[in-house]
Amino acid sequence: MPVVESSVIVPVDPATAFAVSQTTGDIRLHWDPFIHSQRFLDDAAAPAKGVRTLTRHRAGLRMVSEYVSYNPPTNVGMKMVEGPWFFASMAGGWRFSPAPGRDVGHPEPVTTRAVWRYSFTCRPAWLAPLAERIGSWLLSRDIQRRINGFARGCADPVVLSAVREQTAPPAPRPGLATPDRT
């Protein structure tokens, strides 16, 4: 099974990098050069293990994927449920960790190593050896463009603001007492 992978160091903490990787809608389109559209299926409102998504590639290809793991802020994995005829299988995943060499005693600057990986097999079986070599080359180029876009997203004030709004704790409602945590 061919595997293609790319990694990048981004100037945010792992939780923020994870959150950027899981953006959807206009914010995702802001940084991800691969997709034309993406949405949750089956009335899901947020990513979680078992949630399915529909993604349309800019070239018109369509894929339904399912989250097989969802472990913020360290990793996420998905597998193809339905997709282009030439993939017998397709899966992808992200891993996030503090960047190597960071001085733990000094939290600034915080950086994260993000790794994006695809694994796949092609069909028909008689054509797979050639198709998988070509697929590895094409997907390597694709994943590099996508992770470069992700890195730009991790430095983009619009993307970071949207991520922070999504992950911020809810503000206390007026008129409700705030619990004393002493």
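Buried means under 20% relative accessible area, exposed over 50%, and partly exposed in between, with a 1.4 Å probe and protein chains only. T23 has 2% relative accessibility, so it counts as buried.

This is a predicted model, in which local features need pLDDT of at least 70, side-chain atom pairs count only at pLDDT 80 or more, and totals for chains, interfaces and linings use all residues. Residues are numbered from 1 along each chain as its sequence is written, and side-chain values use heavy atoms, leaving out hydrogens and water.

**The whole protein**

The protein has four helices and seven strands. Helices (H or I, at least four residues) and strands (E, at least two) are DSSP runs, numbered from the N terminus. Their order along the sequence is β-α-α-β-β-β-β-β-β-α-α. Of the 182 residues, 40% are buried. Contact means heavy atoms within 4.5 Å. Among contacts between residues at least 6 apart in sequence, 52% join residues at least 24 apart.

**Around T23**

T23 sits in the loop between α1 (14-21) and α2 (25-31). Not counting residues up to four places away in sequence, T23 touches R28, W31, Q38 and V163.

| Partner of the T23 side chain | Distance |
|---|---|
| W31, side chain | 2.9 Å |

Note on methods:
Polar contact = N/O pair within 3.5 Å; in protein donor to acceptor, adjacent residues only side chain to side chain.
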